[in-house]
Amino acid sequence: MTAYPVLLQAHPECRPWQVRLFGLTLGLVTGADFVAVSMMGVAGGAIQGGVSAAPQEYLWALTSFAVGAVLVNLLLGRFATLISYRRYTQWALLLFMAGSVGCALAEGITSLALARLLQGLGGGGLFTASRILLQLVAQPRERKPLMYGFLLGLFSLSGISPWLSALLVEDWGWQAIFCLQAAFVPVLLLLVRLSYPRHAGAPSRTQAGELDWIAVVALGAGALLVLHTLEDLRFLRFAARPGMWLALLGGALLLGLAWRRSHTHPDPWLQLHAVLRRRYLMGLAFYALYYLCNGIWSYLLSALLQRGLGFDFVTAGWAMSMGSMVTVLMAVAYLYASRWLTRRHHVLAIGFALLALCCLWLAQAAMPGAALANLLPAILLHGLVPVLSVLQIAAMTYAEVQVEDFAHAYQLKNIMRELAGALGTGLATLQLQAGEAEARLALLGRLDGVTLRQEGVGLDLPSLAELSAQVSRQAVLLACDHAFLALGLLSALAMLFALLQRDLR
């Protein structure tokens, strides 16, 4: 008999403080993946300049991480079954730290891309592993207390990363971002050792089964081609380089081969037939919608704050982190109130409606000289969107997924997350680039010698340089205005989709 209350019936050896720390550690471990992705976006300009990479070359540093994440999400279930999720997490964190050190030491884009691949192989599966482990070790009534710590750790760590990365780049250079990521791993390893249950199931080599390497190679190569092509949209239209169609088609065919193998192989790494039901497929569609919108929002907000309105790096990072802190507070409040929620698809619709409202707000506020105070309410309001949308999707999607199939369901979900996020970023950058070019041409068409003299603008070199900078900022603002309106329309359609569909309720 234990002298303390048992919070996990399957693991009575865990003391109450260990169980509470376990939930928080799961969230912090998951946050390592999100931080690695968000810091590359927020500090992308500094990192790109640090390795002297052209914009299209820098894409390989983004694509390589995503490809590593897609691959490891396919392999994760089999490896974790073989060595346990606890040990998998420890090895994955060590690989993530090695990749982070490699990124800090990188002197060119090739070494940075390879190091980012290591980071993706290490960190890309941490989200999936953490959620599967939470599902395995806790009974349904025991999961909610763990989710408090999980959401607190995840949203806090990923939320503070934009501001923290800006401070690090300003004071220490771009390498400090990766040094911080590497230095955080020993802390996570200590927390894992202190809090993770030592025996979550009894894995064996018999359970591991056969390894379908053809599916792995097909998925890896297909993901590389598809993700890199989607990322490449930020610089080139398909019409500008017809070969992009071939790359995208080849990637899609390879992904189709991997899908085919999952249906014909006697022991596939990802058992799709066990999870592909109507409710789960609808949830997967909403996941893709959310991460598509999130990728667009993140890129547009960063472009608006820095390139359009001229805020410095630290100010932009602080504003984005403030919005994330709202998510932290509301996630805790949501868990407390979730017992009274019945019509979650209505809450999901409210989430997309709120995203549309935030887009309209920022589109209206995208004016030259706009103060941060005019934008901050929309950024803070957007902090509610993840709670009202993606958390509701998660609560409804897995209602009919059996415990033994949860790992496969979450692996596929996170593979879709990488693809949808890359597509969102690609679409946002393509639209912003096209809109900026059109706006610049329209603005320049209104400027001539007579107009400049009437406006009191000198024709000397410094005056013309300042005028060029003003035209560039105005073009970015006009492009952001149109892009936010387009995202608002997409969000409104998603809201209607949430209200009208009948499978996810």
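Contact here means heavy atoms within 4.5 Å. The views show a predicted model, in which local features need pLDDT of at least 70, side-chain atom pairs count only at pLDDT 80 or more, and totals for chains, interfaces and linings use all residues. Residues are numbered from 1 along each chain as its sequence is written, and side-chain values use heavy atoms, with hydrogens and water left out.

**View 1. Ser-389 in the loop between H16 and helix H17 (390-397)**. Helices are DSSP runs of H or I with at least four residues, numbered from the N terminus. Ser-389 has 0% relative accessibility and counts as buried, a term for under 20% relative accessible area (1.4 Å probe, protein chains only), while exposed stands for over 50%. When neighbours within four places in sequence are set aside, Ser-389 is in contact with Tyr-290 and Leu-348.

**View 2. The buried residues of helix H15 (residues 372-382)**. Leu-372, Leu-375, Leu-376, Ala-378, Ile-379 and His-382 are buried in this helix. Their cover includes helix H12 (278-308), helix H13 (313-337), helix H14 (344-365) and helix H16 (385-388).

**View 3. A nonpolar surface patch that includes Leu-489**. Leu-489, Leu-493, Leu-496, Leu-499 and Leu-500 make this patch of about 500 Å², where patch residues have over 30% relative accessible area and no salt bridge, and nonpolar side chains (Val, Leu, Ile, Met, Phe, Trp, Tyr) are joined within 5 Å. A salt bridge is a side-chain nitrogen of Lys or Arg within 4 Å of a carboxyl oxygen of Asp or Glu, and accessible areas come from the Shrake-Rupley method with a 1.4 Å probe. Leu-489 lies in helix H20 (residues 461-500) and is exposed, with a relative accessible area of 54%.

Note on methods:
Patch = residues over 30% accessible without salt bridge, like charges linked within 9 Å, V, L, I, M, F, W, Y side chains within 5 Å. Helix = DSSP H or I, 4+ residues; strand = E, 2+ residues; numbered from the N terminus.
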